[in-house]
Amino acid sequence: MDVSFLGGPQPQRGVGIVAPFDFALDRELWRWVPDDVSLHLTRTPFVPVEVSLDLARLVSEHETLRGAVQALSAVAPEVVAYACTSGSFVGGGAGERGMSAAMEQAGDAPALTTSGALLEALEEVGARRIALVTPYTKSVTDSLEDFLAEGGISVTGRSYLGLTRHIWRVPYRDVVDMARMAVVDAPDALFISCTNLPTYDVIPQLEAELRMPVLSANQVTMWAALRRVDKQAVGPYQALLDPAARTGPAGMPAMPPSPQLMAESEGYTASEPFTPSEQLGRQSPAGPGQPRSEVEPEAALAGSAPAAPESEPTDGHEAPGHPDDPGGQPPR
């Protein structure tokens, strides 16, 4: 059968992606990509370390990045993006800029990182005060807040999960719950960190509910990478991608939290992470005179009473095992 009349395939623009070895959301990245763009993904070498500041440093070493970019050079991407938030903010602003420079030297193409893209995106939507959601431990979340402060961005409220592995398994409902808890003191926008945390489908919902731009790590990475090659990221009604969306629900004044949400937030402290429902199950704070459950979920909120110093034997608070995670598996 002669198929020469089809005239294809369609010419493709190439975007290179360097991701950490445990990145599991390739499909989510593709959802922001128009049909005439191809993603070329590679991963950093495996190291037996859980998600932590130590891991962030290991997967962002310049030699590791150069090797990954050189592996991509065979398919000649027009831009290369390092898709890891913690790996690109752990060294501060100077570290992020050094990573981009090292990748550009290795591949002779424009390069960017997720954390650098975040600062670009916040400028694009005019946000200087943000709410922050992360799946990380407290120490990693603190490091992100330091990076943002260096870039002139203040955090009005935050919630974090305290996870050290299998972040891609967090369900959307936990992301939404954390967002609701973090949005305090009228922020300009919400940022959901970590390229391994699923966010694509919750962004429009949260923008409509919270009435502010909602940014996520994968979203800003793809938006910035595609912009480098004069392409537009695609996505349903997202303020970052569509300026018209900023005049819709995302641009309206935020509604005050409901009495039910205010009641549910009482008793949450800044010293412990929010606990995902798939790990411990939802429980409301105990009523008057009732003891609290030992597995009550908690959220870390900036602006709360200062937390007592905590010890982090493995760089933070290690979350309980996931029900889908058989005991005895090596950490990833």
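A salt bridge is a side-chain nitrogen of Lys or Arg within 4 Å of a carboxyl oxygen of Asp or Glu. Searching the whole structure for such contacts turns up 15 salt bridges. Before you click on, know that this is a predicted model, where local features need pLDDT of at least 70, side-chain atom pairs count only at pLDDT 80 or more, and totals for chains, interfaces and linings use all residues. Residues are numbered from 1 along each chain as its sequence is written, and side-chain values use heavy atoms, with hydrogens and water left out.

**Stop 1: E120 and R227**

Select E120 and R227: they form a salt bridge whose closest N and O atoms are 3.3 Å apart. This pair links distant parts of the chain, with E120 in helix 6 (residues 114–124) and R227 in helix 10 (residues 217–228), 107 residues apart. (Helices are DSSP runs of H or I with at least four residues, strands are runs of E with at least two, and both are numbered from the N terminus.)

At 21%, E120 counts as partly exposed, and R227 is partly exposed with 39%.

**Stop 2: R180 and its partners**

Now select R180, which forms a salt bridge with D177, the closest N and O atoms being 3.6 Å apart. R180 and D177 are three residues apart in helix 8 (residues 172–182), so about one helical turn separates them. D177 counts as buried at 19% relative accessibility, while R180 is partly exposed at 30%.

**Stop 3: W32 and Y200**

Time for some rings. Phe, Tyr and Trp rings (for Trp, the six-membered one) pair if their centres lie within 6.5 Å; planes under 30 degrees apart count as stacked, over 60 as edge-to-face and the rest as tilted. The whole structure holds three aromatic pairs. One of them is W32 with Y200, edge-to-face at 4.7 Å centre to centre and 70° between the planes.

Conventions
Buried means under 20% relative accessible area, exposed over 50%, partly exposed in between (1.4 Å probe, protein chains only).
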